[in-house]
Amino acid sequence: MANRFTLGDFIARLAFAAVRVFGTYNPTDFSYASWVLAEGSEFGPVHAIVGIALLIGWIVFLRATFLSLGWLGVILFGALFAAIVWFFVDIGWLDLNSTSAISWVVLLLLALTLAVGMSWSHIRRQLSGVSPIDDVEE
């Protein structure tokens with residue numbers, strides 16, 4: 001089957017989503033937000049180019065995620081991931097007083113949601129054997 005979706009395909013989407021999410025913001029000084037908001041930083045054309053490139057990537061990922069999962073799917077993933085964070089806090093793996101740790105977990109779960117959204121049509125096709133109407137060749 002030429003259109004076989006593999007774990008490697010999902011990992012590639014996850015990597016691109018993680019670069020997008022963590023490149024936009026993370027609790028360290030190595031993100032677009034930190035770069036633009038740094039003391040003494042003057043917004044210039046390079047900031048604008050990188051910001052627009054990030055925005056384009058966000059739009060592509062968000063649009064694909066919402067088209068693939070829909071609002072209900074995104075809300076359900078949000079609920080699932082909130083329950084996972086709750087579970088980690090409950091068993092002591094995550095401390096609510098550590099805003100940095102919470103930030104990293106939430107950003108990772110956001111990247112996972114975007115990766116699933118980018119992959120869901122392929123996963124659904126393999127699970128059900130039914131191709132979306134857009135995938136049918138004429």
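**Exercise 1. Find what share of the contacts in the protein chain with a separation of 6 or more comes from residues 24 or more positions apart.**

Step 1. Take a contact as heavy atoms within 4.5 Å.
Step 2. Among contacts with a separation of 6 or more, residues 24 or more positions apart account for 66%.
Step 3. Note the basis: this is a predicted model, in which local features need pLDDT of at least 70, side-chain atom pairs count only at pLDDT 80 or more, and totals for chains, interfaces and linings use all residues. Residues are numbered from 1 along each chain as its sequence is written, and side-chain values use heavy atoms, with hydrogens and water left out.

**Exercise 2. State the fold pattern and the confidence of the model.**

Step 1. Helices (H or I, at least four residues) and strands (E, at least two) are DSSP runs, numbered from the N terminus.
Step 2. The protein chain has 4 helices and 0 strands, giving the pattern α-α-α-α along the sequence.
Step 3. pLDDT is the predictor's confidence in each residue, from 0 to 100. Its average over the protein chain is 87, and 91% of the residues score at least 70.
Step 4. By element, the highest mean pLDDT, 93, belongs to helix H1 (residues 7-24), and the lowest, 88, to helix H4 (residues 99-128).

**Exercise 3. Describe helix H1: its span, its buried residues and their cover.**

Step 1. The expected span of a helix is 1.5 Å times one less than its number of residues.
Step 2. H1 has 18 residues, and its first and last C-alpha atoms are 25 Å apart, close to the expected 26 Å.
Step 3. Buried means under 20% relative accessible area, exposed over 50%, and partly exposed in between (1.4 Å probe, protein chains only). The buried residues in H1 are Phe10, Ala17, Ala18, Arg20, Val21 and Phe22.
Step 4. Their cover includes helix H3 (45-90) and H4.

**Exercise 4. Classify threonine 65 and valine 50 by accessibility, and explain each result.**

Step 1. Threonine 65 counts as buried because its relative accessible area is 2%.
Step 2. Leaving aside neighbours within four places in sequence, threonine 65 is in contact with Gly70, Val74, Thr113, Leu114, Gly117 and Met118.
Step 3. Valine 50 counts as partly exposed because its relative accessibility is 33%.
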